[in-house]
Amino acid sequence: MKHIVIVGAGQAGLQAAETLRAGGFDAPITLLGEEAHLPYHRPPLSKAWLAGSLGADQLAMRTAAALERKQIAVRTGTKVVSIDTAGQSVALADGSRLGYSGLLLATGATPRTLPCAAAATGAVRVLRSRDDADAISARLAHCAQRGLPLIVVGGGFIGLEVAATARQLGVAVTILEAAPRLLERVLAQSLSDWYARLHLGHGARVVLNARISGIEAAADDTVEVHLADGRVFPAGLVLVGIGVDANDALARDAGIECASGIVVDAHGRTSAPGVTAAGDCTIRRLDNGELLRLESVQNAVEQGRAAASTLLGLDRPFSGTPWFWSDQHGRKLQIAGLSRGADGWTVRGDMQGDGFSVFHFRGARLIAVDSIDAARDHLVARKLLAAGASPTPAQAADLTLDLATLIDGA
Ligand SMILES: Cc1cc2nc3c(=O)[nH]c(=O)nc-3n(C[C@H](O)[C@H](O)[C@H](O)COP(=O)(O)OP(=O)(O)OC[C@H]3O[C@@H](n4cnc5c(N)ncnc54)[C@H](O)[C@@H]3O)c2cc1C
């Protein structure tokens with residue numbers, strides 16, 4: 001009997017289920033989710049949801065009624081513990097088994113933690129799920145009430161977004177980053193500096209080259225973060241935002257090829273016939289053999305579509321330009337392309353002004369554009385990158401030139 005099982009009721013899992021239905025799949029679809037909630041949007045968890053300005057109905061991706069109309073059976077609170085690829089079934093934590101004709105793994109990722117005894121106090125937290133966000137929210141309210149600071153460990157997107165939201169809620173914030181600059185893995189130095197100024201301007205402390213030697217429980221329901229150089233930072237809450245690991249254990253245990261993520265091709269195919277994967281749990285093998293790991297809504301959506309199409313027997317690989325966004329202190333960053341490997345860059349607009357974009361080049365080729373409050377630049381950049389069209393650095397910086405005019409000539 002035809003039955004598609006999707007493990008992970010998040011962004012990629014729901015996308016895949018809806019793509020299957022839209023593509024005419026008329027047999028049962030079961031979406032298995034470990035969390036207690038129906039699929040919801042994760043990006044607001046560090047932004048509007050944490051700030052208390054978003055309702056639960058807006059956080060949810062679909063209502064129960066909408067899922068029922070599409071005949072997508074979502075089983076919340078249901079953890080898959082193993083996969084039998086030969087017998088085509090998954091085992092659930094309650095001991096039961098579920099057979100499938102096609103399987104899609106969309107298990108997401110788990111935040112890395114810092115092993116410390118103080119974790120037991122509840123004052124050291126990571127942020128991935130709605131339950132994490134709700135616990136952080138309660139703790140931030142406690143900090144605001146008692147005048148206790150938040151220490152953010154890790155100056156990446158999630159840490160910085162939580163830092164911005166906490167400032168908005170009136171909480172004192174210190175950001176501890178191990179690297180010499182914020183967002184080192186993803187942004188050029190110029191934008192790292194811009195972000196440091198943004199957070200300093202909103203009253204946060206930013207400590208770079210910070211080596212943490214321990215986090216200790218302290219008196220009065222507080223904790224202390226110790227640096228290797230002897231400095232100590234007391235806190236009411238420590239948010240650890242030091243990256244995530246792909247949830248690939250189920251696949252690995254089933255003998256499916258993994259390499260810091262489930263290895264998939266552009267069609268979402270894994271090394272096991274009939275098993276596909278999508279989203280943060282994957283790492284994609286590109287045509288040149290390189291492995292690319294992305295953690296973003298766009299990647300989850302596009303890979304969810306591609307993997308579902310494969311299960312439908314269609315040939316619709318994911319080949320789009322990667323894009324991403326982040327909101328901090330009312331400023332919107334939009335990234336198009338991947339800037340790693342860039343050897344030159346130029347700025348369009350004024351970095352001290354309302355909006356600007358940083359264009360990244362490898363040789364003469366445009367490879368990525370990071371835009372701050374410059375939505376049009378971002379949209380044009382996506383089109384330029386998709387078309388393989390490159391302005392010269394001088395053209396990119398020339399505000400009198402409409403860069404969209406370069407696309408036809410590509
Ligand atoms: C706080 C926060 C802010 C973010 N902000 C942005 C942003 O601004 N822009 C952007 O592009 N991206 C952002 N992201 C990243 C984006 O949300 C993720 O890339 C996206 O959610 C990945 O989708 P996914 O379906 O792969 O994984 P998820 O959405 O994490 O879904 C995976 C689901 O699988 C479940 N699961 C795992 N193992 C099992 C199992 N064995 N059995 C059953 N269920 C299982 C998990 O519980 C989870 O619910 C943010 C993420 C977070 C956490």
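In the predicted model, the lining of the second largest pocket comprises twelve nonpolar, seven polar and seven charged residues. This pocket has a volume of about 760 Å³. Its lining consists of 26 residues, and those nearest the pocket centre are Leu 286, Leu 292, Pro 322, Leu 338 and Arg 365. Two or more lining residues are given by each of strand 20 (282–285), strand 26 (365–372) and helix 10 (375–387). At the level of domains, at least three residues of the lining of the second largest pocket come from domain 1 (4–110 + 246–311), and at least three from domain 3 (330–408).

Rolling a probe the size of a water molecule over the atoms shows where empty space is left. One cavity of 30 Å³ or more is present in the structure. The largest cavity holds about 40 Å³ of space. Strand 20 and helix 9 (297–311) are the elements that give two or more residues to the lining of this cavity. Strand 20 makes the greatest contribution, with three residues. The residues that line the largest cavity are Thr 282, Ile 283, Arg 284, Leu 292, Arg 293, Leu 294, Asn 299 and Gln 303. Sorted by class, three of these residues are nonpolar, three are polar and two are charged.

The nonpolar interior was considered separately. In soluble globular proteins, nonpolar side chains tend to be buried together. The largest nonpolar core in the model contains 39 residues, and the members that touch the most others are Leu 150 and Tyr 195. When residues up to four places away in sequence are not counted, Tyr 195 touches Leu 182, Leu 183, Leu 187, Gln 328, Leu 333 and Ile 372. Ile 372 falls within strand 26 (365–372), an element that also gives two or more residues to the lining of the second largest pocket.

Pro 111 is located in strand 8 (residues 109–111). Pro 111 is classed as buried because its relative accessibility is 16%, under the 20% limit. Apart from neighbours within four places in sequence, the contacts of Pro 111 are Val 126, Leu 127, Arg 128, Gly 243 and Val 244.

Most residues other than glycine have a negative phi, and most peptide bonds are trans. Gln 88, which is not a glycine, has a positive phi of about 50°. Gln 88 lies in the loop between strand 4 (80–84) and strand 5 (89–92), and its relative accessible area of 32% makes it partly exposed. Asp 220 likewise has a positive phi, near 65°, without being a glycine. The loop that holds Asp 220 runs between strand 13 (212–218) and strand 14 (222–227). Asp 220 counts as exposed because its relative accessibility is 59%, over the 50% limit.

A further loop position is Gly 23, between helix 1 (11–22) and strand 2 (29–32). Gly 23 is partly exposed, with a relative accessible area of 44%. Along the chain, Gly 23 and Ser 260 are 237 residues apart, and their C-alpha atoms are separated by 31 Å.

Note on methods: Residues are numbered from 1 along each chain as its sequence is written. This is a predicted model: local features need pLDDT of at least 70, side-chain atom pairs count only at pLDDT 80 or more; totals for chains, interfaces and linings use all residues. Side-chain values use heavy atoms; hydrogens and water are left out. On a 1 Å grid over the protein atoms alone, a cavity is a set of points where a 1.4 Å probe fits but cannot get out, and a pocket is an open set with protein on both sides within 12 Å along at least five of seven lines; lining residues have an atom within 4 Å of a point. Grid points are joined across faces, edges and corners, and a volume is the space filled by probe spheres set on the points. Helices (H or I, at least four residues) and strands (E, at least two) are DSSP runs, numbered from the N terminus. Ala, Val, Leu, Ile, Met, Phe, Trp, Tyr, Cys and Pro count as nonpolar, Asp, Glu, Lys and Arg as charged, and the others, Gly among them, as polar. Domain bounds come from an automatic or database domain assignment. Buried means under 20% relative accessible area, exposed over 50%, partly exposed in between (1.4 Å probe, protein chains only). A nonpolar core is a set of buried Ala, Val, Leu, Ile, Met, Phe, Trp, Tyr and Cys residues joined through side-chain atoms within 4.5 Å. Contact means heavy atoms within 4.5 Å.
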